[in-house]
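Dear colleague,

I am handing over the structure we spoke about, together with some notes on what was found in it. Please look through the model first and then read on.

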Amino acid sequence: MAGRQSGAGLISSMPSSYRPGSPQQITQLIDQYPLAWLVSQDFGATPLPLLAEANGKGETVSLLGHIARRNPQYAYLQDHPDALVLFTGPQAYMSPNLLKDRDWAPTWNYAVLRMKVRVTFVPEETDQAVAALVAHQESSRKNPWSSDEMGERYEKLAKHIIAFRAVITSSDPTFKLGQDERPSVLQELCDNHPGADLVQWMRLQQPAAED
């Protein structure tokens, strides 16, 4: 895995049309789709919800999460901290049935993130990490829940987990969301596709060029 780089995660070379419109869109995708695979060098893999930690420019520079102490990855990552994090955002099949022109080839649209990270365990931040994740997930609810409502049971469960921070050393986002389609085709796809979340992200990438 790559060594640590200073500053925000570096975006590797890729077709420019499939890059996110801004670094802030990476943070936005993680906020909306926080469940990711944490993959260690021994190919251990655990799905975990992660929170983006951004710098003053809104660029994601690290990820905050927690893992079970009994998970074999916890022991492995202490000695081998370089890992890979994989996020999957909105995705769906794009059928020619969405278009009047049926000679258009079907494809799959998606937004994904591949991040090389260096993991550091921060046990003193475990309560903070749990509270931040709960607050993030409960923020849109009318009567948001907090871990305080668990009472003494919280402490019994919390001792079995540990927080970690994954500093991003390189970032490889791919937002394949119809950017290479003619504007009229992209508009028709957005108008007719049933996936509201995917369509929202497709519209974010919609080019200003005329057809």
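Predicted model: local features only at pLDDT ≥ 70, side-chain atom pairs only at ≥ 80, totals over all residues.

Residues are numbered from 1 along each chain as its sequence is written, and side-chain values use heavy atoms, with hydrogens and water left out.

The protein has 6 helices and 7 strands, where helices (H or I, at least four residues) and strands (E, at least two) are DSSP runs numbered from the N terminus. Along the sequence these elements follow the pattern α-β-β-β-β-α-β-β-α-α-β-α-α. Taken along the principal axes, the box filled by the C-alpha atoms is roughly 60 × 45 × 30 Å. Of the 211 residues, 45% count as buried, a term that stands for under 20% relative accessible area, with exposed meaning over 50% and partly exposed the range in between (1.4 Å probe, protein chains only). Among contacts (heavy atoms within 4.5 Å) with a separation of 6 or more, 75% come from residues 24 or more positions apart.

The largest nonpolar core has 40 residues; such a core is a set of buried Ala, Val, Leu, Ile, Met, Phe, Trp, Tyr and Cys residues joined through side-chain atoms within 4.5 Å. Those with the most contacts inside this core are Leu-63, Val-85, Phe-87, Met-115, Val-117, Val-119 and Phe-164. Strand β6 (residues 107-121) gives the most to the core, with 6 residues. Val-117, leaving aside its neighbours within four places in sequence, is in contact with Leu-63, with the run Pro-81, Asp-82, Ala-83, Leu-84 and Val-85, and with Ala-166, Val-167, Ile-168 and Thr-169. A second, separate core has 5 residues, including Val-130, Val-134, Tyr-154 and Ile-161.

With a relative accessible area of 4%, Ser-171 is buried.

Helix α1 (residues 24-32) has Gln-25, Ile-26, Thr-27, Leu-29 and Ile-30 buried. The buried residues of α1 pack against β3 (51-54), β4 (60-68), β5 (82-94), β6, β7 (161-176) and α6 (196-204).

Two packed helices are described by the angle between their axes and the distance between the axes. The axes are lines fitted to C-alpha atoms, for helices over the stretch in contact, and the angles run from 0 to 180 degrees between N-to-C directions.

α1 and α6 pack at an angle of about 175°, with their axes 13 Å apart, and they are therefore roughly antiparallel to each other, the term for angles over 145 degrees, where under 35 is roughly parallel, 65 to 115 roughly perpendicular and the rest oblique. In this pair, Gln-25, Gln-28, Leu-29 and Gln-32 of α1 meet Gln-200, Trp-201 and Leu-204 of α6. By class, the contact has 3 nonpolar, 4 polar and no charged residues, with Ala, Val, Leu, Ile, Met, Phe, Trp, Tyr, Cys and Pro counted as nonpolar, Asp, Glu, Lys and Arg as charged, and the others, Gly among them, as polar.

Helix α5 (residues 183-192) packs with α6 at an angle of about 155°, the axes being 9 Å apart, which makes α5 roughly antiparallel to α6. From α5 the contact takes Leu-186, Gln-187, Leu-189, Cys-190 and Asp-191, and from α6 Val-199, Met-202 and Arg-203. These residues divide into 5 nonpolar, 1 polar and 2 charged.

Three further residues remain to be mentioned. Phe-43 lies in the loop between β1 (35-40) and β2 (45-49), and its phi is near 70°, a positive value in a residue other than glycine. Most residues other than glycine have a negative phi. Phe-43 is exposed, with a relative accessible area of 73%.

His-136, in helix α3 (residues 126-138), is partly exposed, with a relative accessible area of 26%. Not counting residues up to four places away in sequence, His-136 touches Asp-31 and Leu-51. The C-alpha atoms of His-136 and Asp-31 are separated by 8.3 Å, although these residues are 105 residues apart along the chain.

Lys-100 is found in the loop between β5 and β6 and counts as exposed, at 79% relative accessibility. Lys-100 and Glu-188 are 88 residues apart in sequence and 8.5 Å apart in space, C-alpha to C-alpha.

With best regards
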